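Work through the exercises below with the structure in view. Each task is followed by its solution.

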Amino acid sequence: MIDFTVNKEIQKNNAEYCKSKGIILPTIAMMKNPELVPEEAKAKLKKTGLWDIDPVNLYRISWKNEAVESGGLFGKVNHLVLPPALTGCKANIIVLTGKWFPTGAHKVGATFGCLAPRLITGQFNPRTTKAVWPSTGNYCRGGAYISALLACEAIAILPEEMSEERFNWLKKVAGEVIATPGSESNVKEIFDKCWELKESGQDLRIFNQFDEMGNPLWHYNVTGSAIEEALGYYMKKGDKMAGFVSSSGSGGTLAAGSYLKKVFPATKIIAAEALQCPTLLNNGYGAHRIEGIGDKHVPWVHNCKDSDFIAAIDDEDPMRLIRLFNEKIGRDSLKSAGVASELVDQLGLLGISGIANVLAAIKFAKYSELTENDYVVTIATDSMELYNSRVQELSEARGAYTSAQAERDMELLMGQSIDHLKEMNYYDKKAIHNLKYFTWIEQQGRELSELNAQWYDHDNYWYGTLEQADEIDRKIEEFNSIIDKS
């Protein structure tokens, strides 16, 4: 459960500090339903850029931001609907798109979910304590951004082989950027750096997305609710919510699937990963190019008992498809094949991991023989705005993109098979859960009793924690009241 122990002295000091910086915190309820955002904040948002370092952008931690770079307010859930002409399967595939969050990725939500409870209870002091954000990319970007909005110093940690765009932006926002050896698969190296920082004697707090329950809590409540709303735009009598797909990554986004299981009990949760590093599929290891989905371990916050399928995606597939979706010849070919121009022009909303998630959704839909009455939902954490350098690198390495290559890539997309897809039984799920022991008990010092509670006291542990959003909101409202009085 999330710790709500209050240090009243630091809590009061934090409120005074926030008031001096013009900071008022939004509630999770506002993130789900931006109509609740105060009119004063909305008026200021009309004059504020989406990525501006301005505390008012805390109110833009939502899936419902207007799709503009500056001055936008709120509307429907940001999403795409992918038709059979693009996917080659009968089912309806809905993709929530993260581009219209500040920083261009939904990870700002998870970072808020991790930091806010500590700030409002006085467990974290923004005047003196550095916030450390270990990540394979977007999470540390979100953490650095949230830290900047809350006027506290941030240390961002990410692998050295992540995209140039990530590093260039972080250098402008984070107080310190640490590049650890390897690629997105090298998560242990990130954890090792965290231990090194802990032992350095600095005043810091490490917000590790892989074991902070505020991460899945935010997705359970905000992403889960957004998906339910998006489905409501389309589903009619006789339709079925069949599956939710998310890359395993930190395990946080998968919690939206747990929310959907409560609303639509037949929902299956599909955890996607890279075939080149198939940790869940066969306890494998390796390196891959699907940026942002750190692996070679099972995250503490991955609810293994709720996961139903594993889908491993060959990283060559999304790397080919980013050219099909973003180069002019590729887009022209898709339009000629009957994909609506309006949709083709929006395919840049899918980053590399988003495309991998779509491929996993297609595999699941084909395996399950889904029909036109079935819906599968997945997530595009970010957009190609963060990966344009990768397209250029592919062009330099493989030559100019051609119509012939576009035809082959369309066949690759439409012809996705059901290979490397595993439907899990009880003991398959338990085998994945048991892998947590080696990372979290032996290496990271977590308690064995808590690991066992995750499995044997499943509902109390997971749902008891994930449904604490109302308590967080009460604490936020209390904290804002202290700000007003200070």
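Two strands pair if DSSP finds at least two bridges between them; helices (H or I, at least four residues) and strands (E, at least two) are DSSP runs numbered from the N terminus. The model is predicted, so local features need pLDDT of at least 70, side-chain atom pairs count only at pLDDT 80 or more, and totals for chains, interfaces and linings use all residues. Residues are numbered from 1 along each chain as its sequence is written, and side-chain values use heavy atoms, with hydrogens and water left out.

**Exercise 1.** Find the residue that stands opposite lysine 130.

Solution. Start with strand β3 (residues 130–134), which pairs with β6 in the parallel sense over three bridges. In β6, leucine 204 is the residue opposite lysine 130.

**Exercise 2.** State the strand order of the open sheet of four strands, then its edges.

Solution. The order is β5-β4-β3-β6, and the pairing is parallel. β5 (176–180) and β6 (204–206) each have a single partner strand, so one side of each lacks a neighbour in the sheet.

**Exercise 3.** Which residues of helix α20 (residues 448–456) are buried?

Solution. Apply the cut-offs: buried means under 20% relative accessible area, exposed over 50%, partly exposed in between (1.4 Å probe, protein chains only). Leu451, Gln454 and Trp455 are buried. Seen down the axis of α20, the buried residues fall within an arc of 90 degrees (taken from the directions from the helix axis to the C-beta atoms), so they line one face of the helix. On the other side of α20, Ser449 and Tyr456 are exposed.
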